[in-house]
Amino acid sequence: MDNTVDALNNAYLEFVGAAADVLEAKEISGGLKTPSTDAALENFKQRWELFRVACDQAEEFVESVKQRIGSECLVDEATGSSVTGKSGQTTTGFPPISVVRLEQMSKAVRWLVIELQHGSGASGAAAHTPSYVPFDARFSEDAGQ
C-alpha cells in the first residue's frame, strides 16, 4: 500500500511541477508560443498521463482491497467465525455454512453477473453454467446444475 501511495504522490508532485513550468514558460515568453512553451506543454501532457495511470493503479488497488475485505467478512459470517456475543455464540442467528458451499455459491453468482453484463440475461445464464462450478448433491437447489 505504501508503494501505491508513494507512486501516486510522486506522480501528483511531478504533474503540479509541470503545470508550474508551463506557467513560467508562458510568463517568460510574454504569452507567445515558443519552443520553450511547447516543450513545457509536452512535458505537462506526459506528466498528466502518468498521473492518470497512477490514479488508475491506486483505484485498482483500493478495489482489490475492498473485495478482499468483503470476501473475508463473508467467509467469517458464513462459517460462524465472525462476531461473537458475550456467551461465545455467534450473533447472526443463521447456522454456519461450509466454505466449499460458500465458494460454490460465489462462483455461481459471479457467472450470472458476467452473463448479465454481456446482455444474455438470466435465461442464457442457466444454459451456459460453466462446468468448472461444482455442485453439492446434499443441497436440493444445486440438483438442477
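Phe-51 is buried, with a relative accessible area of 15%; buried means under 20% relative accessible area, exposed over 50%, and partly exposed in between, with a 1.4 Å probe and protein chains only. The model is predicted, so local features need pLDDT of at least 70 and side-chain atom pairs count only at pLDDT 80 or more, while totals for chains, interfaces and linings use all residues. Residues are numbered from 1 along each chain as its sequence is written, and side-chain values use heavy atoms, with hydrogens and water left out.

The chain has four helices and zero strands, where helices (H or I, at least four residues) and strands (E, at least two) are DSSP runs numbered from the N terminus. From the N terminus on, the order of elements is α-α-α-α. Of the 145 residues of the chain, 17% count as buried. The accessible surface of the chain comes to about 10,700 Å², and 60% of this belongs to carbon and sulfur atoms; such areas come from the Shrake-Rupley method with a 1.4 Å probe, and for residues only the protein chains shown count as cover. Contact means heavy atoms within 4.5 Å. Among contacts between residues at least 6 apart in sequence, 45% join residues at least 24 apart.

Phe-51 belongs to an aromatic cluster together with Tyr-12, Phe-15, Phe-44 and Trp-48. A pair of aromatic rings is described by the distance of the centres and the angle of the planes. Rings of Phe, Tyr and Trp (its six-membered ring) pair if their centres lie within 6.5 Å; planes under 30 degrees apart count as stacked, over 60 as edge-to-face and the rest as tilted. By this rule the count comes to five aromatic pairs. One of them joins Phe-15 and Trp-48, whose ring centres are 5.3 Å apart with the planes at 45°, so the pair is tilted. This pair links distant parts of the chain, as Phe-15 is in helix α1 and Trp-48 in helix α2, 33 residues apart. Phe-15 counts as buried at 15% relative accessibility, whereas Trp-48 is partly exposed at 36%. Trp-48 also forms a tilted pair with Phe-51, at 6.4 Å centre to centre and 45° between the planes. Both Trp-48 and Phe-51 lie in helix α2, three residues apart, about one turn of the helix.

Tyr-12, another member of the cluster, is found in helix α1 (residues 2-28). Its relative accessibility is 40%, so Tyr-12 counts as partly exposed. With Leu-13 and Val-16, Tyr-12 forms a nonpolar surface patch of about 270 Å² of accessible area together. Patches are made of residues with over 30% relative accessible area and no salt bridge: like charges are joined within 9 Å, nonpolar side chains (Val, Leu, Ile, Met, Phe, Trp, Tyr) within 5 Å. A salt bridge here is a side-chain nitrogen of Lys or Arg within 4 Å of a carboxyl oxygen of Asp or Glu.

Thr-37 lies in helix α2 (residues 35-79) and counts as buried at 3% relative accessibility. Leaving aside neighbours within four places in sequence, Thr-37 is in contact with Ala-25, Lys-26, Ser-29 and Leu-32.

Helix α3 (residues 99-117) has 19 residues. Its buried residues are Arg-101, Leu-102, Gln-104, Trp-111 and Glu-115. Just after α3, Gly-119 takes a positive phi of about 80°.

Methods:
Expected span 1.5 Å × (residues − 1).
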